[in-house]
Amino acid sequence: MKVALVTSSMPLAPWQNGITRAFSEAGLPTELVPWEDRHPRSTIGARYALVWLPPAQFFEVERDLEVVFNLGAGVDRLLANAVVPEHLPIVRLVDAGMAVRMAEYVCFAIARATRGLERFGPGGLRDWNASRPRGKPPTVGVLGAGAIGSKIAEAAAMFGYPVRVWSRTLSTFAGMEAFAGLEQLDIFLAGSNFLVNALPLTRDTENLLDRTRLSKLPQGAHVINVGRGATIVDADLLALLDDGHLGGAALDVFRVEPLPDDEPYWSHPKVIVTPHLSGPTPVAPAATQIADAIVQLERGVPVRSLPGYVDRARGY
Ligand code: GLV
């Protein structure tokens with residue numbers, strides 16, 4: 001059984017090695033064929049494809065595919081570019097070790113802001129009497145209750161922050177306030193001192209956080225984006241940072257990536273820009289998740305029942 005691998009901007013060798021190992025551990029008799037190594041017009045004849053940002057040409061040539069696995073959590077670009085033929089099921093990674101790293105990033109961004117850590121370091125304060133936070137911990141509002149959002153919420157709660165979670169349909173977590181649907185978004189925002197976006201980018205979440213919605217956040221609130229850039233209307237976020245309503249932002253994802261040099265975020269005094277590094281996909285757990293899924297498929301389990309099966313109408 002042939003499996004095609006398209007890693008694009010991600011380095012090929014670790015994926016090739018990790019997937020080969022996971023397939024062999026799962027007892028899958030597969031031949032893993034990297035697309036990059038081949039003349040673009042020759043056909044691998046693969047039944048499964050493991051892809052990250054594949055070119056449309058790949059699907060024009062590979063006609064025998066049965067299922068496409070996305071080597072990441074977000075499928076927005078895969079769906080937006082319409083490169084995957086409509087009949088082909090897509091399965092995305094669910095957590096696979098990304099969520100805990102993203103939770104770490106978010107909690108660090110919160111701690112950095114609440115303790116004013118940016119004041120210290122080379123060239124910064126040398127003041128043993130520098131102010132320390134002593135008030136009650138701020139409320140962390142997490143947008144998204146999937147594998148990533150729930151891990152972030154859990155981590156923030158573990159550090160003692162009051163946590164509230166908003167999602168499309170109601171998800172409840174012990175000890176956290178839960179909100180669902182657009183009708184509860186404003187009230188959720190009104191109580192979130194740190195707003196964390198962990199939503200997938202879909203028709204419904206694109207530009208969700210515009211000026212009106214961001215204005216509902218309490219005075220001095222911070223925005224942390226580890227989901228997708230296009231969920232936030234950049235000009236609106238910048239305006240609210242500039243007029244003093246918002247206290248700061250830590251942004252890891254952007255509408256256009258790499259973030260263009262002339263984007264105001266780069267030099268904004270209230271913004272931390274990181275280059276989409278909050279949740280790199282760890283190869284070993286991702287490869288194991290995909291190998292397990294292929295074992296299931298080979299046993300006749302319907303693709304729709306796999307974790308990470310993408311409902312195209314829903315957009316994730
Ligand atoms: C990263 O952004 C991913 O979608 O996995």
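**Helix 5**

I began with the buried side of helix 5: Ile 148, Gly 149, Ser 150, Ile 152, Ala 153, Ala 155 and Ala 156 are its buried residues. I note that this is a predicted model. The spacing in that list made me think of helix geometry. An α-helix has 3.6 residues a turn, so residues three or four places apart point the same way.

I then checked the length. Helix 5 runs over residues 147-158, 12 residues in total. From first C-alpha to last it reaches 16 Å, close to the 16 Å expected at 1.5 Å a residue. After the helix I came to Gly 160, which has a positive phi, near 90°.

**Aromatic rings**

I searched the whole structure for aromatic pairs and got five. One of them joins Phe 58 and Phe 59. I recorded 5.0 Å centre to centre and 80° between the planes. The pair counts as edge-to-face because its planes are over 60 degrees apart.

I moved on to Phe 179 and Phe 188. This aromatic pair is also edge-to-face, with 5.6 Å between centres and 65° between planes. Phe 179 counts as buried at 7% relative accessibility. For Phe 188 I noted a relative accessible area of 0%, so that residue is buried as well.

**A charge over a ring**

Which ring has the charged end of Arg 314 over it? I found that of Tyr 316. The charged end sits 3.9 Å from the ring centre.

**Ligand surroundings**

I listed the residues around the ligand: Trp 52, Gly 72, Ala 73, Gly 74, Met 98, Arg 228 and His 276.

Which atoms of these residues lie 2.7 Å from a ligand oxygen? In Ala 73 it is a polar backbone atom, 2.7 Å from an oxygen atom of the ligand. In Gly 74 a backbone N or O atom lies 2.7 Å from a ligand oxygen atom. In His 276 a polar side-chain atom lies 2.7 Å from an oxygen atom of the ligand.

Note on methods. Residues are numbered from 1 along each chain as its sequence is written. This is a predicted model: local features need pLDDT of at least 70, side-chain atom pairs count only at pLDDT 80 or more; totals for chains, interfaces and linings use all residues. Side-chain values use heavy atoms; hydrogens and water are left out. Rings of Phe, Tyr and Trp (its six-membered ring) pair if their centres lie within 6.5 Å; planes under 30 degrees apart count as stacked, over 60 as edge-to-face and the rest as tilted. Buried means under 20% relative accessible area, exposed over 50%, partly exposed in between (1.4 Å probe, protein chains only). A charge sits over a ring if NZ of Lys or CZ of Arg is within 6 Å of the ring centre and within 35 degrees of the ring normal. Helices (H or I, at least four residues) and strands (E, at least two) are DSSP runs, numbered from the N terminus. The expected span of a helix is 1.5 Å times one less than its number of residues. A residue is near a molecule or strand if one of its heavy atoms lies within 4 Å of it. A polar contact is a pair of N or O atoms within 3.5 Å; within protein, one must be able to donate a hydrogen and the other to accept it, and residues adjacent in sequence count only if both atoms are side-chain atoms.
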